Amino acid sequence: MLAHRSAWVLSILLLFGFTLRMFELGEPLIDKQAWRQADTAAVARNFFEEDFDLFSPRVDWRGDGSGIVEMNFPLYPYFVSLGYEVFGEVREWFGRFLSAFFSVTTSILIFFLARNIGFSSSVGLWAMFFFLVTPLSVFFGRAFLPESLMLLLSVSSILTFKYWTESEQIVLYLCAIILASLCYLVKIPTLYLGFPLVAIALSKWGWKFVYERLLWVYLIVSVLPSVIWYLHASDLFTDTGLTFGIWNRFGYDKWDQSVLYNLDFYRHMTWRFIHNIFTPFGFILLILGVHKTGIARSRWALWGWLIGLLLYLFLVPEGNRKLHYYQIPFVPLGCIWAGVGTVVALDYGCRVCNSKYVKYLGMLVLVLSVLGYSAYAIQPYYKQPNNVHAYYESCYDFGHWADKNLPKDALLVVGDLDENSGTPFRSQSPTMLYYCHRKGWQITPDEFSEAKLDSLAHLGADFFVAAGGFVLKNPEFWKQLLSRGVSMTDSYPQKWHDHEKFRRHIAQSSSRSRHFLIVELTEDNR
């Protein structure tokens with residue numbers, strides 16, 4: 001049982017952590033990793049609007065096809081779609097709310113895991129504090145992504161497995177199997193959890209654990225659903241040609257090992273761990289916690305966890321370099337060690353100064369320092385720099401207009417920049433199709449040509465939409481669009497065929513959506 005004071009501190013931390021995750025809950029999906037959030041949200045919306053078939057997730061970048069896509073098991077977007085069903089309409093804030101709930105729940109499990117490993121309640125509470133307030137955890141703890149569910153399943157898998165090895169109760173054994181199987185389904189890289197799980201088994205039975213039949217059953221039954229799902233998902237790709245690039249067949253090469261031979265990779269990742277993930281204060285305390293943890297059997301799980309995470313980092317180096325949410329798995333373990341380092345540092349200061357007030361002062365300074373730095377470091381996640389945020393705001397405004405004014409069954413060709421490193425068989429930037437609430441194709445500026453538009457029009461495309469800045473860089477293509485007739489939101493359906501007249505009209509407009517062009521692709525509009 002928790003002491004009365006610990007229970008109060010835990011409750012305050014939960015409330016504070018949840019409040020942080022409510023910030024901009026109702027904002028559109030235009031913040032950091034907007035393209036990835038929009039993809040997830042599209043799958044959820046398509047479950048709700050088209051078919052609640054959990055085994056047939058659908059994306060918007062489907063062209064004229066079904067949109068069924070190869071992806072990780074879509075448990076998170078399916079949960080979101082069930083919320084939409086309750087509300088009777090799509091409410092994006094529910095996806096963020098669900099992520100926040102999963103994230104805050106994970107912090108409770110981190111507390112109990114720290115306690116179970118043999119640390120004090122103080123270590124567990126400090127681990128919760130770091131998990132609930134550090135930048136990466138706060139932002140992705142309310143993002144429209146499955147990462148929060150993945151963390152919840154990851155920590156609960158370790159905790160229930162450890163509980164089972166200690167009590168050998170069949171109920172805990174079954175729970176451990178179910179949670180692990182769901183974890184691997186939601187995110188296949190979480191197979192790195194095998195390292196802390198083996199460390200727990202080793203601490204319980206020694207090397208004789210290899211003879212424990214229940215462990216082999218656990219392994220087979222927990223992994224089998226993932227094998228079945230990913231074989232099924234592969235068949236979906238074969239049928240539709242759409243994939244999230246899970247196995248690197250036609251996806252972004254996140255396994256690119258060449259970056260490991262570049263010193264910039266290590267500088268980049270070190271800075272991100274210090275600045276974005278744990279803050280400098282938390283990182284220093286983390287290092288101290290690692291030093292003070294020791295190698296007691298009860299703590300082997302932490303070292304196994306670390307080995308698994310480092311292997312994951314070096315096996316998927318390019319993915320970790322480019323995508324911030326790939327480091328989310330490091331947060332729970334790092335926060336436990338930061339909690340250990342905090343307690344060690346505060347106790348040392350109290351002994352040296354022979355005053356408990358020094359400890360309280362240290363706690364206050366640490367809390368304010370971490371919160372202040374987190375507030376500073378997290379800003380670019382909500383408001384992306386270098387005009388990226390302004391661009392997404394304009395995209396959202398245009399999408400809102402398109403959803404109201406273009407035919408509901410219109411198929412769009414969206415011209416946008418490449419956010420997925422030239423990966424075929426998937427959208428390079430799915431955000432505009434999601435904002436417009438339409439299906440269709442997405443092409444990049446290097447594909448802009450009249451022949452490309454004609455080929456897609458032949459497949460059923462009705463409109464081409466793109467930011468004018470992308471189009472004007474290709475004068476020949478711009479002339480071809482003018483010959484068809486170019487429209488914009490505040491004068492639609494009026495069409496412009498003269499460049500100078502069109503530019504003068506844009507100069508008189510003040511709406512953010514003025515940056516986007518609309519071109520009909522029908523044969524009689526040639």
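This briefing describes the fold, the core and several individual residues of the structure shown above. The model is a predicted one, and the protein in it has 22 helices and four strands. With a radius of gyration of 26 Å, close to the 24 Å that the globule rule gives for 526 residues, the protein is as compact as a globular protein of that length.

**Overall dimensions and surface**

- Along its principal axes, the C-alpha trace of the protein spans about 80 × 55 × 50 Å.
- The accessible surface of the protein comes to about 22700 Å², and carbon and sulfur atoms account for 63% of that area.
- The protein carries 45 positive and 44 negative side chains, and the centres of these two sets lie 11 Å apart.

**Burial, contacts and the nonpolar core**

- Of the 526 residues in the protein, 55% are buried.
- Among contacts in the protein with a separation of 6 or more, 76% are made by residues 24 or more positions apart.
- In soluble globular proteins, nonpolar side chains tend to be buried together.
- The largest nonpolar core in this model has 167 residues, and within this core W305 and F464 touch the most other members.
- When neighbours within four places in sequence are left aside, W305 is in contact with L113, V155, I158, Y192, L193, P196, P332, L333 and I336.

**Backbone features**

- Most residues other than glycine have a negative phi, and most peptide bonds are trans.
- A cis peptide bond, with omega at about 10°, joins Y492 and P493, and P493 lies in the loop between α21 (475–484) and α22 (499–507).
- E168 is a residue other than glycine with a positive phi, near 55°, and is placed in the loop between α7 (147–167) and α8 (170–186); the relative accessible area of E168 is 48%, so this residue is classed as partly exposed.
- H437 also has a positive phi, near 60°, without being a glycine, and belongs to the loop between α18 (431–436) and β2 (439–443); a relative accessible area of 23% makes H437 partly exposed.

**Residues in helices**

- T342 is part of helix α15, which covers residues 330–353, and is buried, because its relative accessible area is 1% and the cut-off for buried is under 20%.
- Apart from neighbours within four places in sequence, T342 is in contact with W126, F130, L285 and L366.
- V198 is found in helix α9, residues 194–205, and is partly exposed, with a relative accessible area of 42%.
- V198 and A301 are separated by 103 residues in sequence, while in space they are 8.0 Å apart from C-alpha to C-alpha.

- Not counting residues up to four places away in sequence, K32 touches Q37, F139, H324, Y381 and Q384.
- One of these contacts, H324, is 292 residues from K32 along the chain, and the C-alpha atoms of K32 and H324 are separated by 9.2 Å.

Key: Residues numbered from 1 in each chain as written. Predicted model: local features only at pLDDT ≥ 70, side-chain atom pairs only at ≥ 80, totals over all residues. Heavy atoms only, no water. Helix = DSSP H or I, 4+ residues; strand = E, 2+ residues; numbered from the N terminus. Rg over C-alpha atoms; globule rule 2.2 N^0.38 Å. Buried < 20%, exposed > 50% of the residue type's maximum accessible area, 1.4 Å probe, protein only. Contact = heavy atoms within 4.5 Å. Areas by Shrake-Rupley, 256 points an atom, 1.4 Å probe, with all protein chains shown as cover. Lys, Arg positive; Asp, Glu negative; His and termini not counted. Charge placed at Lys NZ, Arg CZ, Asp CG, Glu CD. Core = buried A, V, L, I, M, F, W, Y, C linked by side-chain atoms within 4.5 Å.
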